[in-house]
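Work through the exercises below with the sequence and coordinates at hand. Each task is followed by a worked solution.

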Amino acid sequence: GNCMMGSYRCVKNEKIVFYEFMVIEQQEADSVPVLKLRHFNPGLIGWEDKDNPYSYLLTFLKDQKAVFERPDKKTVISYERLSQDTLKSTLTQETSGEKKTTEFIYSAGKNKK
């Protein structure tokens, strides 16, 4: 179906903090794949406007690494397969001229942040 989908849940102190749902879609055969994601509070209360998910264009794809960037270039998400069962995701956000980077390491369904 020209897409991939995934989900993430943030749990702290055994309670859900938020959910994230994502898809990677390629609308046309010659178009760039786009990562689209939405966040939800417990109870599935959405953060983003219903018609405006966060969108990131694929800007780099080589070997086991994919990089997606928002059109305003202030947020970058990369995914890199480190081994057969380990994935590293790096989120870099620029706010007020400062960059903040957060890494997430996923292994066999467990988050080892």
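The model is predicted, so local features need pLDDT of at least 70 and side-chain atom pairs count only at pLDDT 80 or more, while totals for chains, interfaces and linings use all residues. Residues are numbered from 1 along each chain as its sequence is written, and side-chain values use heavy atoms, with hydrogens and water left out.

**Exercise 1. The core**

Find which residues touch the most other members of the largest nonpolar core, and list the contacts of Leu35.

Solution. 
1. A nonpolar core is a set of buried Ala, Val, Leu, Ile, Met, Phe, Trp, Tyr and Cys residues joined through side-chain atoms within 4.5 Å. Buried means under 20% relative accessible area, exposed over 50%, and partly exposed in between (1.4 Å probe, protein chains only).
2. The largest core has 13 residues, and Leu35 and Phe68 touch the most other members.
3. Two or more residues each come from β1 (3–12), β2 (15–25), β3 (34–41), β5 (54–62), β6 (65–69) and β7 (75–83). Strands are DSSP runs (E, at least two residues), numbered from the N terminus.
4. Contact means heavy atoms within 4.5 Å. Leaving aside neighbours within four places in sequence, Leu35 contacts Met22, Val23, Ile24, Tyr54, Ser55, Tyr56, Phe68, Ile77 and Tyr79.

**Exercise 2. The second largest pocket**

Describe the lining of the second largest pocket by class and by strand.

Solution. 
1. On a 1 Å grid over the protein atoms alone, a pocket is an open set of points where a 1.4 Å probe fits, with protein on both sides within 12 Å along at least five of seven lines; lining residues have an atom within 4 Å of a point.
2. The volume of this pocket, the space filled by probe spheres set on the points, is about 150 Å³.
3. Of its 13 lining residues, Leu61, Lys65, Ala66, Phe68 and Tyr79 are the closest to the centre.
4. At least two lining residues come from each of β5, β6 and β7.
5. The classes are eight nonpolar, one polar and four charged residues. Here Ala, Val, Leu, Ile, Met, Phe, Trp, Tyr, Cys and Pro count as nonpolar, Asp, Glu, Lys and Arg as charged, and the others, Gly among them, as polar.

**Exercise 3. Aromatic pairs**

Classify the pair Phe18 and Trp47 and the pair Phe21 and Phe40.

Solution. 
1. Rings of Phe, Tyr and Trp (its six-membered ring) pair if their centres lie within 6.5 Å; planes under 30 degrees apart count as stacked, over 60 as edge-to-face and the rest as tilted. This rule gives eight aromatic pairs.
2. Phe18 and Trp47 have ring centres 5.3 Å apart and planes at 50°, so the pair is tilted.
3. Phe18 is in strand β2 and Trp47 in the loop between β4 (45–46) and β5, so the pair ties together parts 29 residues apart in sequence.
4. Phe18 is buried at 17% relative accessible area, and Trp47 is partly exposed at 44%.
5. Phe21 and Phe40 have ring centres 5.5 Å apart and planes at 70°, so this pair is edge-to-face. Phe21 in β2 and Phe40 in β3 are 19 residues apart.
6. One aromatic cluster is formed by Tyr8, Phe18, Trp47, Phe104 and Tyr106.

**Exercise 4. Positive phi**

What is the phi of Lys73, and what is that of Ser96?

Solution. 
1. Lys73, not a glycine, has a positive phi of about 65°. Lys73 lies in the loop between β6 and β7 and is exposed at 58% relative accessibility.
2. Ser96, also not a glycine, has a positive phi of about 50°. Ser96 lies in the loop between β8 (86–95) and β9 (98–107) and is exposed at 79%.

Definitions and conventions
Helix = DSSP H or I, 4+ residues; strand = E, 2+ residues; numbered from the N terminus.
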